[in-house]
Amino acid sequence: LLVLLALGLSVVRFALPPLIESYKDEILAQLSHITGKHLAADAVSVYWRGDGHGFRLENLRLLNAAGATVLSAESVYLKFSIIEVLRHGNIAPSKIRVVGTHIAAVRHEDGQVSLHGIEHSGDVDLSALFLQPLFLEFVDSQVTVIDRVHEESVPLHFSPVTLLIRNDGKRHRLSADVTADSDGPGGFILISEFQTAGETLAQWQGRVYLKTQQLDLAWLLQNRFPGHYELEKATSSMEIWSHWEKGRLTTLQGHMYSENLHFRSVRVEEAPELALDYFGGKFRWTREQNGWLLDIADPMIRHGKAVWPTKALSLAIRQVSGKGPLHFYLGADIFSIDGLFKALAVHPPDHPVMKDLFAAQAKGDVINPYLHLRMQRPIEWEFSATLERLETSATGMLPEIKGIRMVVAAAHDRGSVKFAGGKASIHAKSLFRQPILLQQLAGELRWQKQANGEWLLASDNLIATSEDISTTTSFRYM
């Protein structure tokens, strides 16, 4: 019996290929009926492998109603039972393997995603073809991502791409190994479990896992930053988990480490260039109704020899009531003062006190800082923090000071400083030859921009105590 079975299989292997070739048109017609698309191929043959057997279609093309090719592949392998084909004419494959195709993934203005052949990226959405087979595999293929949400972004090209899709009705699992086709090295691994409401990717929801290694972050993000700054270069390694609802990213969390970040303004000539040697940490990004929030834990932020001693950092971009200019928010547990002024240099506050602070090269620590900037000129801003161990050089209206503790609440047109320090020193070089050593400095200093553009500087109860004197001062200065 075994001998007869072996002889039978040998006869089938010998006789079946020419028989299949003669039924090429009928096979393509039935495959077209199954997919609902018109298919053409140069040749149809039988392949025999250890894990199964099926048809191989060479130079397969999917055609639109006008007969133009909308998707092509070098070869396609359809795995199924030969016995089922011969007995019942059933050629619905259990597995499809596609070699050498080029897919265009288009993100539309409403955030929805559609899939097309690169030949006709604006043609009919082919998502249903990718979501029907039980098992679909792409190897040695290419994917081009076209983002129509951001008009100035150029398409992103990935090659080679290996992609596996398992479909179970409206539930799907996808895994991909992708190489970025950019000037620098990089790539990523992606795994996703998602659900669809129908036969396309519209309104899809699910989870995505992404792991990158030395990916060119500037190339990937392009100019998708709000405001007028653009990331010119950066390499990043990250491991992140994300959740999507109705085709839109809602949360993103994980850890990332980026090197050699360089930002440049593309529209404001006087804006300074910003650079970081290293930026990393754990993070969580959350979409809000009118913006987004980014929380960073245990960040490592380094430029040159300066390391910012921040354990927690929060950033947000929002619109008020969903319209008008963007607003930038920053909060942290502790921040170096020189690092804070580097951040403020993105939109330098325009009034005398802050200009003098920039020139004074202030140093020290900022505790629980909060910054709010309206990202549109004329600049409006708010800032509050507690400053510890403050040191400045003498410049403009500011004396040289060391060791002062103060609580600051300031805005673009007003502000106040509450002094609450112990031992400190103040040196107003235009008034005194030597620094004044203070045992106590307390009170409040206020400033307010007047209707005529001038500034009012005032204090009602400023107390200073040294070994020799104790004074209580009230003043108004215009």
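Guide: Let's start with asparagine 59, which belongs to strand β3 (residues 52-63). Helices (H or I, at least four residues) and strands (E, at least two) are DSSP runs, numbered from the N terminus. This is a predicted model, in which local features need pLDDT of at least 70 and side-chain atom pairs count only at pLDDT 80 or more, while totals for chains, interfaces and linings use all residues. Residues are numbered from 1 along each chain as its sequence is written, and side-chain values use heavy atoms, leaving out hydrogens and water.

Visitor: What makes the phi of asparagine 59 worth a look?
Guide: Its phi is near 50°, a positive value in a residue other than glycine. Aspartate 298, in strand β15 (residues 291-303), also has a positive phi of about 50° without being a glycine.

Visitor: How do you know whether asparagine 59 is buried, partly exposed or exposed?
Guide: We use relative accessible area: under 20% is buried, over 50% is exposed, and partly exposed is in between (1.4 Å probe, protein chains only). Asparagine 59 has 30%, so it counts as partly exposed. Aspartate 298 has 52%, so it counts as exposed.

Visitor: How do you know that the length of helix α2 agrees with its number of residues?
Guide: The expected span is 1.5 Å times one less than the number of residues. Helix α2 (residues 24-35) has 12 residues, so it should span 16 Å; its end C-alpha atoms are 17 Å apart, which agrees.

Visitor: Which residues of α2 are buried?
Guide: They are Lys24, Ile27, Leu28, Leu31 and Ser32. They lie on the same side of α2 because they cover an arc of only 135° around the axis, the arc being that of the directions from the helix axis to the C-beta atoms. Here is the background: an α-helix has 3.6 residues a turn, so residues three or four places apart point the same way. Asp25 and His33, on the other side of α2, are exposed. Just after α2 comes glycine 36, with a positive phi of about 75°.

Visitor: Why is the pair of glutamate 288 and arginine 318 called a salt bridge?
Guide: The label requires a side-chain nitrogen of Lys or Arg within 4 Å of a carboxyl oxygen of Asp or Glu. Here the closest N and O atoms are 2.5 Å apart, and the pair forms a salt bridge. Glutamate 288 is in strand β14 (residues 274-288) and arginine 318 in strand β17 (residues 312-319), so the pair ties together parts that are 30 residues apart in sequence. With a relative accessible area of 25%, glutamate 288 is partly exposed; arginine 318, at 25%, is partly exposed too.

Visitor: How many salt bridges does the structure hold?
Guide: There are 12. One of them joins arginine 446 and aspartate 460, whose closest N and O atoms are 3.1 Å apart. Arginine 446 lies in strand β26 (residues 440-449) and aspartate 460 in strand β27 (residues 455-465), so this pair ties together parts that are 14 residues apart in sequence. At 28%, arginine 446 counts as partly exposed, whereas aspartate 460, at 53%, counts as exposed.

Visitor: What kind of peptide bond leads from serine 159 to proline 160?
Guide: That bond is cis, with omega near -5°. Proline 160 has its place in strand β8 (residues 156-168).
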